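Here are my comments on the model you sent over. Please read them with the structure open beside you.

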Protein chains: 2
Amino acid sequence: MSKVKVAAFSVSLDGFGAGPRQDLQNPIGVRGLEMHDWFFQTEVFKRMTGQSSWIREMEAFKTIGQSSGARGIDNDFAAASFENVGAYIIGRNMFGPVRGSWKDEASGESWKGWWGANPPFHNPVFVLTHYGRASLEMEGSTTFHFITDGPDSALSKAKAAANGKEIRIGGVSVIRQYLISGQIDELHLAVTPVLLGEGEALFHGINLHQLGYKPVKVVAGEKATHVIIKKS
Amino acid sequence: MSKVKVAAFSVSLDGFGAGPRQDLQNPIGVRGLEMHDWFFQTEVFKRMTGQSSWIREMEAFKTIGQSSGARGIDNDFAAASFENVGAYIIGRNMFGPVRGSWKDEASGESWKGWWGANPPFHNPVFVLTHYGRASLEMEGSTTFHFITDGPDSALSKAKAAANGKEIRIGGVSVIRQYLISGQIDELHLAVTPVLLGEGEALFHGINLHQLGYKPVKVVAGEKATHVIIKKS
């Protein structure tokens, strides 16, 4: 059985998994990128930037510089989040800031994700959306599949695709749906020293204790506190 | 000017400062005591138990044993939370589980707090309540004053009493009121590896960023992660 996991998911001290008012300049909402500072310093991320021009071109990343990245606890957790993953499930908002039906699909100018020609997934990615669209094959073995018939369907398709490897879930709204249905086996949260003040609350209204989730490990990283939560 | 601080305040991973359904057996709500595990291990707390019979008598503390307590990072933060404090402000719920008007005041049988004859404050404690009551003088220089004309009045009385020393604020609802009015200068939170699932959310609906609060330090303790937040 494929393990279903949330990994390297950044959360603010006040419990937000994304900032408010997502748009092209704010892919994780206003100030959302601040929560990912721990990740941007890692060797794992620096290697990704070597592959993805979108990161180098984003204003927010100009200050990160061209160093080779840090090794250490944060980097180990970042690396582990990509290991042994056979499929991803993400939400429409994590895929992009575009809302409503997909435009310009026929001309090939439609939105293809934040990550440029060679996204960092290198596996099938199932995007939960209300608007159907043909699958998008990208470079580096990433294919986006657009799922319109709900989270259960996405999960069973992801399981088939993962072929025994793990399924990694991303995006606040999608994580919340799978938590409520009890289908997430393990979460690795990176709790970051940021107060967003507003945005998308990760756990609000979800009784994780009642659902059987328990913290099993806390590890202090260089720039984030890593918490492992498992479902019993 | 007296600094107004929240100190050694335990918060669950899901953002609760107290569990639900507070009563005599659950002074911090159901499972609320689990968040204070880091504190109960400390030398600071063990010394307090030597003074307060209520702690020794409570079922929840029977398992803690009679050791002398741990020194280390958690203990240092516990000790600092009591240092240089000249007055406390707490809420009715932190004072006790009794609701409505005070009963049996004339006979001396009325509720006198959780802490036995010699509470751990050793300073004036201003209790915010809707129900007036004569001040209660306890052993060890703790006096409870019951304030019915609101948080601003309690704060100015506490400032006068503190005489330049710090004012420590306790209790979720009271902390929330003083955060919203921007009157708290510094918070030390102990983020604990507990998922309460339900209870009293500490920050929900309060935009700390907009109010000028910023995390300035994160320190990994033995059993909690200590976070310092300051108002700019």
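This is a predicted model: local features need pLDDT of at least 70, side-chain atom pairs count only at pLDDT 80 or more; totals for chains, interfaces and linings use all residues.

The points below go from the whole chain to single residues.

1. Overall build of chain A. Chain A has seven helices and 11 strands. Its radius of gyration is 17 Å, and the globule rule gives 17 Å for 232 residues, so chain A is as compact as a globular protein of that length. The C-alpha trace spans about 50 × 40 × 35 Å along the principal axes.

2. Packing and surface of chain A. Of the 232 residues, 52% are buried. Take the contacts with a separation of 6 or more: 67% of them join residues 24 or more positions apart. The accessible surface comes to about 10,300 Å². Carbon and sulfur atoms hold 51% of that surface.

3. Charge in chain A. There are 24 positive and 23 negative side chains. The centres of the two sets lie 4 Å apart.

4. Helix α6 of chain A. This helix covers residues 151-162, which is 12 residues. From first C-alpha to last it reaches 16 Å, close to the 16 Å expected at 1.5 Å a residue. Which of its residues are buried? They are A:Ser153, A:Ala154, A:Leu155, A:Ala158 and A:Ala162. As background, an α-helix has 3.6 residues a turn, so residues three or four places apart point the same way. Look at the spacing of the buried positions with that in mind.

5. What covers its buried residues? The cover includes the strands β1 (4-12), β3 (85-91), β4 (124-128), β6 (143-147) and β7 (166-170) of chain A. Helix α7 (172-180) of chain A is also part of the cover. Just after α6(A) comes A:Asn163, with a positive phi of about 55 degrees.

6. A:Ala8. Check the backbone here. A:Ala8 is not a glycine, yet its phi is positive, at about 50 degrees. The residue sits in strand β1 of chain A. Is A:Ala8 buried or exposed? A:Ala8 has a relative accessible area of 12%, so it counts as buried.

7. A:His122. This is another backbone to inspect. A:His122 has a positive phi of about 55 degrees and is not a glycine. Its place is the loop between α5 (92-95) and β4 of chain A. Relative accessibility is 33%, so A:His122 counts as partly exposed.

8. B:Asn123. Now to chain B. B:Asn123 lies in the loop between α5 (92-95) and β4 (124-128) of that chain. Its relative accessible area is 16%, so B:Asn123 is buried. Leaving aside neighbours within four places in sequence, it contacts B:Val85, B:Gly86, B:Ala87, B:Tyr88, B:Ser141, B:Thr142 and B:Thr143. B:Leu195 is 72 residues away along the chain, and 33 Å separates the two C-alpha atoms.

9. B:Met94. This residue belongs to helix α5 of chain B. At 31% relative accessibility, B:Met94 counts as partly exposed. Not counting residues up to four places away in sequence, B:Met94 touches B:Trp114, B:Trp115, B:Gly170 and B:Gly171. B:Val174 is 80 residues from B:Met94 in sequence, while their C-alpha atoms are 9.4 Å apart in space.

Technical notes. Residues are numbered from 1 along each chain as its sequence is written. Chains are lettered from A and ligands numbered from 1 in the order in which they are written. Side-chain values use heavy atoms; hydrogens and water are left out. Helices (H or I, at least four residues) and strands (E, at least two) are DSSP runs, numbered from the N terminus. The expected span of a helix is 1.5 Å times one less than its number of residues. Buried means under 20% relative accessible area, exposed over 50%, partly exposed in between (1.4 Å probe, protein chains only). Contact means heavy atoms within 4.5 Å. The radius of gyration is taken over C-alpha atoms; the globule rule is 2.2 Å times the number of residues to the power 0.38. Accessible areas come from the Shrake-Rupley method with a 1.4 Å probe; for residues, only the protein chains shown count as cover. Lys and Arg count as positive and Asp and Glu as negative; His and the chain ends are not counted. The place of a charge is taken as NZ of Lys, CZ of Arg, CG of Asp or CD of Glu.
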